[in-house]
Amino acid sequence: MLPTPGARATVQPAPKTSPSPWRRVLGTVGPYVALTKPRVIELLLVTTVPTMILAERGMPSLWLVLATLVGGAAAAGSANVLNCYIDRDIDQVMNRTKRRPIVTGEVTPRAALVFGLALGVVSLAWLWFLVNPASSMLTALAILIYVVGYTMILKRRTPQNIVWGGAAGCMPVLIGWSAVTGGVGWAAVLLFGVIFFWTPPHYWPLSMKFRGDYARAGVPMLPVVAKDTKVAREMILYTLAMIACTLLLVPVAHMTWVYAVLATVLGVWFLWSCIGLLRRAKDPEHPKLKAMSVFHASITYLTLLSVAIAVDVFLPL
């Protein structure tokens with residue numbers, strides 16, 4: 001029937017369609033995956049495979065690599081979930097973290113705690129039975145350092161929190177080395193040193209960017225409690241120590257001149273980016289620190305250095 005002229009046509013509401021099973025699964029699983037901080041895990045695993053290649057002096061079995069990566073990713077995810085559970089009070093006042101699933105209510109604190117603990121137990125059992133006990137025990141130590149040492153003890157108490165707590169992020173190289181050899185060698189210790197000294201100049205620029213967030217949350221990151229010039233100078237010192245560890249790897253791990261050149265070039269490049277940050281911090285007329293450019297440079301540096309380590313093993317020199 002045609003509507004009467006001048007009468008208002010009745011618009012029937014579109015029938016509601018229920019989400020597809022796939023969308024329901026994503027809606028349920030997605031927040032739990034977000035709690036594991038996948039991008040952080042990705043950066044941790046970047047260092048694991050080159051370490052395993054160096055320990056093997058060639059390509060380890062693909063099964064061993066896969067088993068180590070799966071176990072390591074699960075363990076890192078466990079530590080990150082527990083970090084989100086413990087820090088849920090400060091996450092809700094920080095703009096950078098206020099959309100995390102516990103804060104938004106997508107995941108309850110109890111569910112996150114159970115998920116984090118279960119993921120940790122599964123990861124340790126996986127590594128114990130499918131890789132070796134040494135890798136599993138080192139992984140347990142890494143979880144403890146990050147969850148207890150960094151999150152529960154250091155983070156809210158000292159400006160050096162990321163320095164010592166960041167040791168957890170160095171553990172993947174020890175885990176990767178032990179997965180191949182069953183123990184820890186001097187080359188692995190030097191790789192640990194590279195990541196240890198890399199962590200402050202990697203994380204402090206991010207803290208500069210979000211210093212307001214950390215200040216509101218009462219977290220005494222060094223850029224919150226110290227001048228930018230002091231932070232930049234410490235970043236330069238840590239970078240110099242990092243470069244020294246990369247070059248000591250040449251005689252200890254019998255690296256070729258190709259790695260030595262690449263490690264030097266990459267180290268000087270990243271050092272120059274830290275020096276640039278110091279110069280901008282000392283210049284009151286400079287409009288921006290551009291701290292995030294140093295943060296992104298640190299990720300590029302570590303990725304390319306890891307590639308150089310892996311490739312150098314296969315060079316016929």
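Trainee: How many aromatic pairs does the structure hold?
Mentor: This is a predicted model, and it holds eight aromatic pairs. One of them joins Tyr32 and Phe115, whose ring centres are 5.2 Å apart.

Trainee: Is that pair of Tyr32 and Phe115 stacked or edge-to-face?
Mentor: It is edge-to-face, because the planes of Tyr32 and Phe115 stand at 80 degrees, and an angle over 60 degrees counts as edge-to-face.

Trainee: Where do the two partners, Tyr32 and Phe115, sit in the chain?
Mentor: Tyr32 belongs to helix α1 (residues 21–35) and Phe115 to helix α7 (residues 109–130). The pair links distant parts of the chain, 83 residues apart. Tyr32 is partly exposed, at 25% relative accessible area, and Phe115 is partly exposed as well, at 23%.

Trainee: What about Trp164 and Phe196?
Mentor: Trp164 and Phe196 form a tilted aromatic pair, with 5.7 Å from centre to centre and 55 degrees between the planes. Trp164 is in helix α9 (residues 161–165) and Phe196 is in helix α11, so the pair ties together parts 32 residues apart in sequence.

Trainee: Which of these two, Trp164 or Phe196, is buried and which is exposed?
Mentor: Trp164 counts as exposed, with 54% relative accessibility, whereas Phe196 is buried, with 13%.

Trainee: Which aromatic cluster includes Trp164 and Phe196?
Mentor: One cluster is formed by Trp164, Phe192, Phe196, Phe197, Trp204 and Tyr238.

Trainee: Let us turn to α11. How far does this helix reach?
Mentor: Helix α11 (residues 186–209) has 24 residues and spans 36 Å from its first C-alpha to its last, close to the expected 34 Å. At Trp198, α11 bends by about 30 degrees, and Pro200 follows within four residues.

Trainee: Is α11 mostly covered or mostly exposed?
Mentor: Mostly covered: of the 24 residues in α11, 19 are buried.

Trainee: Changing topic, which residues lie over the faces of Tyr85 and Phe210?
Mentor: Arg88 lies over the face of Tyr85, 4.4 Å from the ring centre. Arg96 lies over the face of Phe210, at 5.5 Å from the ring centre.

Trainee: Finally, why does Thr229 count as buried?
Mentor: Thr229 counts as buried because its relative accessibility is 18%, and the cut-off is under 20%. Thr229 is placed in helix α14 (residues 228–252). Leaving aside neighbours within four places in sequence, Thr229 is in contact with Leu278, Ala281 and Lys282.

Key
Residues are numbered from 1 along each chain as its sequence is written. This is a predicted model: local features need pLDDT of at least 70, side-chain atom pairs count only at pLDDT 80 or more; totals for chains, interfaces and linings use all residues. Side-chain values use heavy atoms; hydrogens and water are left out. Helices (H or I, at least four residues) and strands (E, at least two) are DSSP runs, numbered from the N terminus. Buried means under 20% relative accessible area, exposed over 50%, partly exposed in between (1.4 Å probe, protein chains only). Contact means heavy atoms within 4.5 Å. The expected span of a helix is 1.5 Å times one less than its number of residues. The bend at a residue is the angle between axes fitted to the seven residues ending there and the seven starting there. Rings of Phe, Tyr and Trp (its six-membered ring) pair if their centres lie within 6.5 Å; planes under 30 degrees apart count as stacked, over 60 as edge-to-face and the rest as tilted. A charge sits over a ring if NZ of Lys or CZ of Arg is within 6 Å of the ring centre and within 35 degrees of the ring normal.
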